Amino acid sequence: MATTVASLVLSTGITSAVLQVLVDRIATITQTKITQFKQLQSQFLELGATMTKAKALVDDVENKKCFPEACRILLEDIKSVVLDADDLLDEIDMFLENRTDKNQVSQITQMFPSSFRFNIPSELRKIHKELGDLVDKLEGYCMMNLGQPQMAAPTPILPSTSLVVGSSIISRDPDKKKIIEMVLSDQGEGGGNVSVIPIVGMGGIGKTALAQLVYNDPDVVRNFDFKIWVSVSFSYDVVMITKSIFNSVAVSEFRGVFELSDMWKYFELSHNEIHIQLQKKLRGKKFLLVLDDMWNENPRDWDQLKLPFQVAAQGSKILMTTRSQIASSILSGAPAYLLNTLSHKDCWTIIKQTAGLGDAHENELIGLEIAKKCKGLPLAAKVIGSVLRYKYGERKWGALLKCELWESPEHGNHIYPALKLSYDNLSSYLRRCFTYCSIFPRDHEFEKDDLVQLWAAEGFIQAQGRQEIEDVGREYFGGLCSRSFFQASDDDPPKYKMHDLVHDLARLISTTVSFSMEDNVSNILPIPRHARYSSLLCQDIKPSTLEVFHRYEKLRTFLLLSEHASNLKQVPYDFFIKLGRLRVLNLSHSGISDLPDSVKNLIHLRYLNLSHSSIKRLPKSLANIYGLETLKLKNCCELLQLPDNLKNLIKLRHLDFDGRVISSMPIDVGKLTSLETLPAFIVGKHIGYQIGELKNMMFLRGSICITNLENVANSVEGEAAMLHEKQYLKKLELEWNEMGSQTVHQEVLTSLKPHVRLTELRVTGYCGLIFPNWISDSSFCKLERIHLDKCHFCTLLPSLGQLTALKYLLIQDMHDLENIDHLLCGSTDTFPSLETLTFRDMPKLKIWSGINENDMPHLRVLSIDSCPELVTLPSLCYLRSLEMLEINRCSELQTLPREGLPLSLTCLIISESDILKERCEVQGADWDKIKSIPNIMIDDEVIPMEGRQN
């Protein structure tokens, strides 16, 4: 009997993962936070022991993957009690961290009766008893049913073979051609004789089928002495794989005619002897080895397996299929071949082929719509095709179109178990992170850092030594990406989403803890009583809509993700009282103008997102939520001020707001020493608002705009910010909004030297005559982008040519700059990485010179805009990589450089530059310099190639 969709819900491993987190947390509290409280420590130790026992039993049950409904209910009850315990530990943690009166030690048995209204020891006893009773029941069940599984065990997935019917593989010819080219290439990886070609993609996408096509191609067959196919799957065993390879080679030597007795002598060889014999047979031979369905991510296992391959002939290849880019990178230093999904039309072709339908079927239109359910997966198309073989008539096809794949056992029992193999191969921590994503709607795009912040708020990320929690979370994210759970867009930076069938899998697995409330769409199963994570996707949202969630008092996450969230104008006062266990609250894009004061009831809250909302003010009580780690206020155009007591949120790591709207920083914001995200700092004149508040924010990362620098009086104040120690900052904007003393500006900018790891620098509104030396210091070896804007009084540009990583340079709105000479480059062989250079809005610039041979070797784009006094250009012929030259509004520019333009130039744009325009017209003085350039546009008129030579 095939694995059922229901069994996917049972064998998720989530209960075990939650238990492991609590076991670790209890150990930490016991060993570090309550050592002086012996009675409480004893209770914690007992609770920890019970949880350890519970985890062992749960692991045993879940690993069997075959247990009845009664057992499932026990597991869910255990998970619910453990999550209750987690909430209790959260409150104990807060109490211990914020307890300032050391005389309270004698009152430890009556912790915070006024604020939390319960007695900690008694609550611990209650939790311990509930869990103990459930563990006893589970243990009794396990003993009673020892060796007697109550459900049919899942059918093992059969290993693949090399045999294939080529005509059954649809639309993979381009992929096949590219892979065959790599297989037949004699080039070895890293100069070696054997190279690895990884084919990577999600489950069911057709990796094995593609490998079979390549393996059986006649050109491939003729090219190798030995061809070997090994189906690896989960059971990666170096000894067994080596024996399989050896046996295949031995069989090939017999050319198909052999007696078993001839090979019997090999069956009893040790692993060492097999290695030696295999090496002998492969010496000087050219082989193709297919390792199908590779999961192992241990480099040592691969190092052991490949030892006999080193003596093979040049051009030997290992073709590997895997769902994991980690496994791919371990086996091969070359980029993986990423296999894409098929089109809807291709899926329909597979469906017709599998169902035995003709090319032109009467239900063609319905069939194409059904094919869209496959989301490009050949496996799904084959399963649907096999079902349609026995369904006739438009009515039955229409019913199939209306249902989800998971609603049909005929579909779900084949598709989702195959996808769940990837899930089963995840660590317990990654399982929780993945299933959490089930509350997102289909096709929902998310950003990496935002999802990591959600995981951190929910406590899914486990500390690893001194590594920051969110750095660990980014590794988690990378692990899920590399295993094809998330798909990246082509945006920069990329956004991510889940394939629809992977999203369905997440919903199936998490159906006992998560739900999404949608319009006219039922959940996979009824909303569970133990639900902890939720999202609201309805179109018509009112305050009364939120009241539906009151019945789920243990919710930890509430995400408002509706496209019509702006219809929600207010949050009912009772909402935050009923849902007092929330750790994540997202009300972004809503129409709410304020939050009720009852938000202070959310003592567990870690993440609050009000971005893109109509919020006008934040209640002061918000600053009493001491555990808050993330506060997002992006594009809140009506929020002009942050609460003065924001300094109380000492655990805040991310404060994201629009620095162009907020009028000033809250007082003493420097006390938020854990901040990592601070997009802007608005400098004030008075103590508590000055730039020195940045001094102890040593974990700032990403970008920051420090504005109103006119309020920095001198270098002493500037140095107090200690920017040179902010090693995680990547982008720094320094902005003056008012003119001031040139001397003071120069002194202040000199004092604001950042850390040398900076990658982008913007300086705006600076009134100094010259720039400090640090801006051109070669120690800034990672600096890729520089913008110098509105530096009106600057008469001399810094020598930026020695910045080896600089790729983009924009200099604009410099009113007093008259000359750009060799000092910009600084010496010879300058700007080695520069790709784009722009000069804009320089009303007094007359001369640009100083470009020599070997300067700017990689410059591709040069733009000169609004320089009305510019007369001459430097020798541009040395710019051997230049592709585009744009000259706009340079009315006094007399001519193109005498030496002409580089041969690499493919595009020339000239506009509102009358003298140059006249010289560049056909038969003009500069025509011969430009006539061979493929694309020429002068004052919006394209000069066609035809007739230019005449």
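**Start at a strand pair**

Select Phe226 and then Phe287: Phe287, in strand E3, is the bridge partner of Phe226. Keep in mind throughout that this is a predicted model.

Now widen the selection to residues 226-233, strand E2, which runs parallel to E3 and is joined to it by 7 bridges. On to the next neighbor: strand E4, residues 316-322, also runs parallel to E3, with 5 bridges between the two. To find your way around that pairing, pick Met294 and look opposite it for Thr322 in E4.

Why is E3 (residues 287-294) described as largely enclosed by the rest of the structure? Color it by accessibility: 8 of its 8 residues are buried, so there is the reason.

**Over to two crossing helices**

Select residues 14-32 (helix H2) and 428-436 (helix H19). Their axes come within 9 Å and cross at roughly 120°, and the crossing is left-handed. Show side chains for Ile14, Ala17, Val18, Gln20, Val21 and Asp24 on H2, and for Ser428, Tyr429, Arg432 and Thr435 on H19; these make the contact. By type, that set splits into 5 nonpolar, 3 polar and 2 charged residues.

Stay on H19 for a moment. This helix is mostly covered, with 7 of its 9 residues buried. Among the buried ones are Arg431 and Arg432, along with Cys433 and Phe434.

**Some backbone stops in loops**

Jump to Asp492 and Pro493, which are joined by a cis peptide bond with omega about 0°. Pro493 sits in the loop between strands E6 (487-488) and E7 (496-497).

Next, select His612, in the loop from strand E12 (607-609) to strand E13 (630-633). Its phi is near 60°, a positive value in a residue other than glycine. Is His612 buried or partly exposed? Its relative accessibility is 37%, so it counts as partly exposed.

Then go to Asp813, between strand E20 (808-812) and strand E21 (819-820), again in a loop. Asp813 is not a glycine either, yet has a positive phi of about 55°. With 16% relative accessibility, under the 20% cut-off, Asp813 counts as buried.

**Zoom out**

Finally, show the whole protein: 28 helices and 28 strands. Of its 950 residues, 53% count as buried. Among contacts between residues at least 6 apart in sequence, 65% join residues at least 24 apart.

How values were computed:
Residues are numbered from 1 along each chain as its sequence is written. This is a predicted model: local features need pLDDT of at least 70, side-chain atom pairs count only at pLDDT 80 or more; totals for chains, interfaces and linings use all residues. Side-chain values use heavy atoms; hydrogens and water are left out. Axes are lines fitted to C-alpha atoms, for helices over the stretch in contact, and angles run from 0 to 180 degrees between N-to-C directions. Helices (H or I, at least four residues) and strands (E, at least two) are DSSP runs, numbered from the N terminus. A crossing is left-handed if the near helix is turned anticlockwise from the far one by less than a right angle, and right-handed if clockwise. Contact means heavy atoms within 4.5 Å. Ala, Val, Leu, Ile, Met, Phe, Trp, Tyr, Cys and Pro count as nonpolar, Asp, Glu, Lys and Arg as charged, and the others, Gly among them, as polar. Buried means under 20% relative accessible area, exposed over 50%, partly exposed in between (1.4 Å probe, protein chains only). Two strands pair if DSSP finds at least two bridges between them.
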